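Here is a short briefing to read alongside the structure. Keep the viewer open and follow along topic by topic.

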Amino acid sequence: MHGIQRRELLVQGSAALVAIAALSRRAYAFPAQAGEEVVPWLDQPTENPNPEGIKTQLVWEDLDSWITPNEKFFSISHFNRPIIDEKTWSLEIGGLVKKPLKMTLAEIKARPRQEVVFTVECSGNHGFPFFTGGIGNARWAGTPLAPILKEAGVLENGIEVVFWGTDQGEIALHDDIRDVKFKQNFARSMSLADAMDPKNILCYEMNGSPLPLDNGFPLRLVAPGWYGIANTKWLKRIDVRDHRFENRFMGRDYVTLREEDHNGETVWVETSVGRARLASAPARVTHIGSDYRIVGAAWGAPIDRVEVKVDDGPWMPATIDHSEEAKFAWKIWSLNWPNPPAGEHTITSRAIDASGNVQPAMNDPTI
Ligand SMILES: Nc1nc2c(c(=O)[nH]1)N[C@H]1C(S)=C(S)[C@@H](COP(=O)(O)O)O[C@H]1N2
Ligand SMILES: [Mo]
């Protein structure tokens, strides 16, 4: 930063000229410009110890499109990765409903189609040094869930909807009281009100192709605005219950722990991971000669603006790329960084949402 400030003082005229000339061609963050070279980050993720569980992470330096192509999209599996034969597969809708349903893939595809561009992030993303690319943006297509639940007719006492995956594995519970192992399917639940959100779709298509095996073929829930964990893949059964549902993915692995102040008393609060939270990240730094540029993404809430800081310099406003946008998709932003001094630099971004909330820093006490 110091170098830039000094340069602006010394040769203000030409620095301003560079900025103005750059404006028109820099309004769009993508595609990459001819001759542009990527500067790799120094803090690369460490080797992934579980390549079956976490497959194909986003490589931030390679981010060169708003939509993440299917072959570059990350995928998470906590158990096995089922390979399902669509000819014998069907979806069951049961529990507390008047009319239990069974639907084939053809029947689901024959229903009204709905698309959403939605950035899915694993809530564990950036929680481990080997896991920094658990995010991607895709155009998901399927049929709305709410009319199907209406058709099945949720009974008066139904309050909770559970989404069961085909995948299963052994679960161990070890604590002061219990010491048991049992087989369990992947499952996640939502309140009936959340499940009935008209944006939720039973999704069979990703970026115009049938859902890839790793992303839940033949059918998954896509719940725009929720963290990855809520989007059950390899769907097998949806059922309605009269009590809250609790399992490993609701109450043990996918929980946040926060310290709250209740009238001067410290209270530790555990919460099941749910809706996405405001976030941003610098994705890549590129340059043509000494003309550097920082491109990044912001997501998790309606984004008002993004600010970027180099080393310990001031926050600078980034330019948001409005060429491609959708409510639940990440926003791509960029910032020109002319003539940085040679050496190692730290780039930090923060997003500010439409309500004025500022993305907390990694070391913010609230997280
Ligand atoms: N059936 C099933 N669904 C699942 C999971 C799983 O292990 N099994 N993982 C969840 C998690 S933790 C995430 S982050 C998202 C990731 O979606 P993707 O694999 O399509 O990227 O899927 C979710 N849905
Ligand atoms: Mo996840």
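Strand S22, covering residues 347-353, is mostly covered in this predicted model, with five of its seven residues buried. S22 belongs to an open sheet of three strands, and elsewhere in the model ligand 1 sits in the largest cavity.

- The open sheet has the order S19-S18-S22, and its pairing is antiparallel.
- Its edge strands are S19 (316-317) and S22, each of which pairs on one side only.
- Strands pair in a sheet through hydrogen bonds of the backbone, in a parallel or an antiparallel way.
- How many bridges join S18 to S22? There are seven, and S18 (residues 303-310) runs antiparallel to S22.

**Ligand 1 and its surroundings**

- Ligand 1 is surrounded by 19 residues, and the closest are Phe-74, Asp-167, Asn-215, Arg-220 and Lys-233.
- Which backbone atoms come up beside the ligand's oxygen atoms? A backbone N or O atom of Phe-74 is 2.7 Å from an oxygen atom of ligand 1, and a polar backbone atom of Ile-76 is 3.0 Å from an oxygen atom of the ligand.
- Asn-215 takes part through its side chain, where a polar atom lies 2.8 Å from an oxygen atom of ligand 1.
- On its own, ligand 1 has 530 Å² of accessible area, and the protein covers 100% of this.
- The place to look for ligand 1 is the largest cavity.

**A buried loop residue, Asn-231**

- Asn-231 is in the loop between strand S12 (220-222) and strand S13 (235-241).
- Is Asn-231 buried or exposed? Its relative accessible area is 3%, so Asn-231 counts as buried, the cut-off being under 20%.
- What does the side chain of Asn-231 reach? It reaches the backbone nitrogen of Ala-223, at 2.7 Å.

Note on methods
Residues are numbered from 1 along each chain as its sequence is written. Chains are lettered from A and ligands numbered from 1 in the order in which they are written. This is a predicted model: local features need pLDDT of at least 70, side-chain atom pairs count only at pLDDT 80 or more; totals for chains, interfaces and linings use all residues. Side-chain values use heavy atoms; hydrogens and water are left out. Buried means under 20% relative accessible area, exposed over 50%, partly exposed in between (1.4 Å probe, protein chains only). Helices (H or I, at least four residues) and strands (E, at least two) are DSSP runs, numbered from the N terminus. Two strands pair if DSSP finds at least two bridges between them. A residue is near a molecule or strand if one of its heavy atoms lies within 4 Å of it. A polar contact is a pair of N or O atoms within 3.5 Å; within protein, one must be able to donate a hydrogen and the other to accept it, and residues adjacent in sequence count only if both atoms are side-chain atoms. Accessible areas come from the Shrake-Rupley method with a 1.4 Å probe; for residues, only the protein chains shown count as cover. On a 1 Å grid over the protein atoms alone, a cavity is a set of points where a 1.4 Å probe fits but cannot get out, and a pocket is an open set with protein on both sides within 12 Å along at least five of seven lines; lining residues have an atom within 4 Å of a point. A molecule sits in a cavity or pocket if more than half of its atoms lie within 2 Å of its grid points.
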